[in-house]
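Please look at the sequence and the 3D structure below before reading on. The report that follows takes up confidence, then the contact between two chains, then a single residue.

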Amino acid sequence: MSDGHAVRAEGLEKRYGDKRALDGFDLAVREGTVHGLLGPNGAGKTTAVRILSTLIRLDGGRAEVAGLDVARQAREVRARIGLTGQYAAVDEVLTGRQNLEMFGRLFHLGGRRARARAVELLEQFDLTDAADRGVGKYSGGMRRRLDLAASMILAPSVLFLDEPTTGLDPRSRGEVWDSVRSLVASGTTVLLTTQYLEEADKLASRITVIDRGRAIADDTPDGLKNLVGGDRIEVVVAERSEIGRVVKTVARVCEGEPETDEGTLRVHAPVTDRVSALTEVARTLQDEGVRVEDIGLRRPSLDDVFLRLTGHRTDRTDRTDRADRADAAEKDAVAA
Amino acid sequence: MSALDLTPAPPERGRLYWLLADCGNIVRRGLTHYQRQPVNIAWQLGFPILSVLLYGYVFGSAMTVPGGGDYKDFLMPGMFVMTMAFGFINTATVVVHDSTKGVIDRFRSMPMSSSAVVAGRGVTDLVVACAELAIMMLTALAMGWRPDGGWGFLAAFGLLLWLRFALIWIGVWLGLLVPNPEAAGGLFAVAFPLTMISSIFVAPQLMPDWLGWVAAWNPISSTAAAARELFGTPVGGGDSWVEQHALLMAGVWPVVLTAIFLPLAVRRFQRLSR
């Protein structure tokens, strides 16, 4: 059933008591691509990755990784995959080099090849200068890169990245993204879980959206964004009483129905002709003397995708955190 | 891309070979920790050595040993037992770190022997325990402790390690049970009274009846009494059955503890796959 797919899952089920962590989850990842698995906390992303990487047993359905059955051929699967989980799973006391040599020996490369491979990976992940320092003194980004390097010791054909940039500062995040891009360039298939559409957008050629243990959409990043109406114009007003006038203006200029968020004094609507719509709204509001705190274009967020696909919002409340990330993503794009 | 041939050595060499090879690499990792942070061993021995000084010199003159003999000679084997007994906290701390930081998951996602993860921990702890005992004994010798040499000495050393072996499984089990490294630190508060209510510091017959009974049946009391007997230092008497059969019980107790906690630890480890 592999036929050009590095990962294939059909009807995966995983129950914890009454809770269905995975409830008929399907996934197909083409060889040599980065596939994003996008969903909020608790949607089942990590459970799916843990089943596919042989860490936990599935309760129903079947899954193949690199053409091997994860339930029956776990040991063979393990020789062909790399896993980078939500923590940098490296030894903090050892040096970077000692870590890679230890994992290399545990991958059964033998001492000589383990040492040589460590040198290669330190070079590849730009850690040569820090090679002989204790990992406890590494920055978050360096630890993540070492973690990635340890996952790449056998140059596996499939790499699982479970929220690889969670908790990283913008610079470290950019470093990790660069590493992932270069891995894919060398032929590795990557399954990447993330809560951030921006991240999936930057790295993945295809995205599966997961909610409550099921795949609810599977599309290209552009396809998903079109699904939620592409870019949006967003106006933040100074006074609640101004919301009505702003809605009227936005509705006239933009083709889509404006939505309002009374709590944060926001009005937003989908736009296609981004720049002229923005200019038009800004000018009209100025002419009418409406006091505006902020006005701008924003990419659809995971919240938007979710709202559109499921009719309910994600349960996440860390809006500011996500705003920071979006901000960082923009800066990263400018830098690149 | 790598210029190396990255084909792992073939698994045909057999399960036992890879268990031993992987175990050796895990032990190497554990010992490298001590090489990089030698001060850790001082931390681990700090409390027993401080206890030797406190009890030996501060309280020593006020302490009596039933059946006569110098209190310091009575105390030293007790301190060796305490060093072994506190070792399980050390085991638990490393295990909880590895499991919460994802290191155990990384091992489990690799084509290595998963038993080696636990076995390697155990062997590391025994090697470290030998070093700890050596340091404690040298300290004791410097303070005037004079044990009998020969086979008795070696047998006592062996019984101390035997106790430490049994406690590895309690440590692994607890390490997989407690939610975070901070909680593992709290184990000390449990371990301390458990070592006090034993024959380590005071002979059980000097305690209130019921407490003396509990102390005498404390597994570590048997190891302490057996070690004292083998070292030829004051034993502290006691005429209950368990105190009269200290050598036997010093062998039996670790078997009982292992029989209980090894399966619990293994089950806990297997539960990680659920």
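The term pLDDT stands for the predictor's confidence in each residue, on a scale from 0 to 100. The model shown here is predicted, and for chain A the mean pLDDT is 86, with 91% of the residues reaching 70 or more. Within chain A, the confidence is highest in one helix and lowest in another, as the table sets out.

| Helix of chain A | Residues | Mean pLDDT |
|---|---|---|
| H3, highest | 96–106 | 97 |
| H12, lowest | 319–335 | 39 |

Over residues 316–336 of chain A, pLDDT stays under 50, and for this stretch the model has 14 contacts beyond four places in sequence. Where pLDDT is low, the predicted coordinates should not be read in detail.

The contact between the two chains takes 32 residues from chain A and 25 residues from chain B. On the side of chain B that touches chain A, the elements giving two or more residues are helix H1 (15–36) and helix H4 (103–108) of chain B, and H1(B) provides the largest share, six residues. Sorted by class, this side of chain B has nine nonpolar, eight polar and eight charged residues.

Why does Pro156(A) count as buried? Pro156(A) counts as buried because it has 23 C-beta neighbours inside 10 Å, and the cut-off for a buried residue is 20 or more. Beyond its neighbours within four places in sequence, Pro156(A) is in contact with Arg80(A), Ile81(A), Gly82(A) and Thr188(A). Pro156(A) and Ala79(A) are 77 residues apart in sequence, while their C-alpha atoms are 7.3 Å apart in space.

Key: Residues are numbered from 1 along each chain as its sequence is written. Chains are lettered from A and ligands numbered from 1 in the order in which they are written. This is a predicted model: local features need pLDDT of at least 70, side-chain atom pairs count only at pLDDT 80 or more; totals for chains, interfaces and linings use all residues. Helices (H or I, at least four residues) and strands (E, at least two) are DSSP runs, numbered from the N terminus. Two residues are in contact if their C-beta atoms, placed from the backbone, lie within 7 Å. Ala, Val, Leu, Ile, Met, Phe, Trp, Tyr, Cys and Pro count as nonpolar, Asp, Glu, Lys and Arg as charged, and the others, Gly among them, as polar. A residue is buried if 20 or more other C-beta atoms lie within 10 Å of its own, exposed if 12 or fewer, and partly exposed in between; C-beta atoms are placed from the backbone.
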